[in-house]
Amino acid sequence: MKVSVIIPVYNAAPYIADTLRSVQQQTMTDYEVLLVDDHGQDESMSVAMATIGEDSRFRSIETPVNSGPGVARNIGIKVAQGEY
């Protein structure tokens, strides 16, 4: 069973590291995390990439332009490979 976790990222620098570490600490390990960059004005994606390091379960994708969380989630759903 594989789970896809979709995380829209927009101006979340103060919170994104804790969010990603929380996912990494789960006991279930068969998952992918799609970080959907929605073109915020802070360093959220830089913080996210530094936090995940070489963890291959995490991938980043981006919206063409800032589009809001709904569009970001839908883009993540289109590329998700998990069963759930």
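Modeller: The protein contains 3 helices and 3 strands, where helices (H or I, at least four residues) and strands (E, at least two) are DSSP runs numbered from the N terminus. This is a predicted model, in which local features need pLDDT of at least 70 and side-chain atom pairs count only at pLDDT 80 or more, while totals for chains, interfaces and linings use all residues. Residues are numbered from 1 along each chain as its sequence is written, and side-chain values use heavy atoms, leaving out hydrogens and water.

Along the sequence the elements run β-α-β-α-β-α. The radius of gyration is 12 Å, close to the 12 Å given by the globule rule for 84 residues, so the protein is as compact as a globular protein of that length; the radius is taken over C-alpha atoms, and the rule is 2.2 Å times the number of residues to the power 0.38.

Of the 84 residues, 33% are buried, that is, under 20% relative accessible area with a 1.4 Å probe, protein chains only. A nonpolar core is a set of buried Ala, Val, Leu, Ile, Met, Phe, Trp, Tyr and Cys residues joined through side-chain atoms within 4.5 Å. The largest has 13 residues, and Ile7, Val9, Ile16, Leu20, Val33, Leu35 and Phe58 touch the most other members. Two or more residues each come from β1 (3-9), α1 (13-24), β2 (31-37) and α2 (44-52).

Leaving aside residues up to four places away in sequence, Ile16 touches Ile7, Val9, Ser44, Val47 and Ala48, contact meaning heavy atoms within 4.5 Å. Among contacts between residues at least 6 apart in sequence, 82% join residues at least 24 apart.

Methods
Buried means under 20% relative accessible area, exposed over 50%, partly exposed in between (1.4 Å probe, protein chains only).
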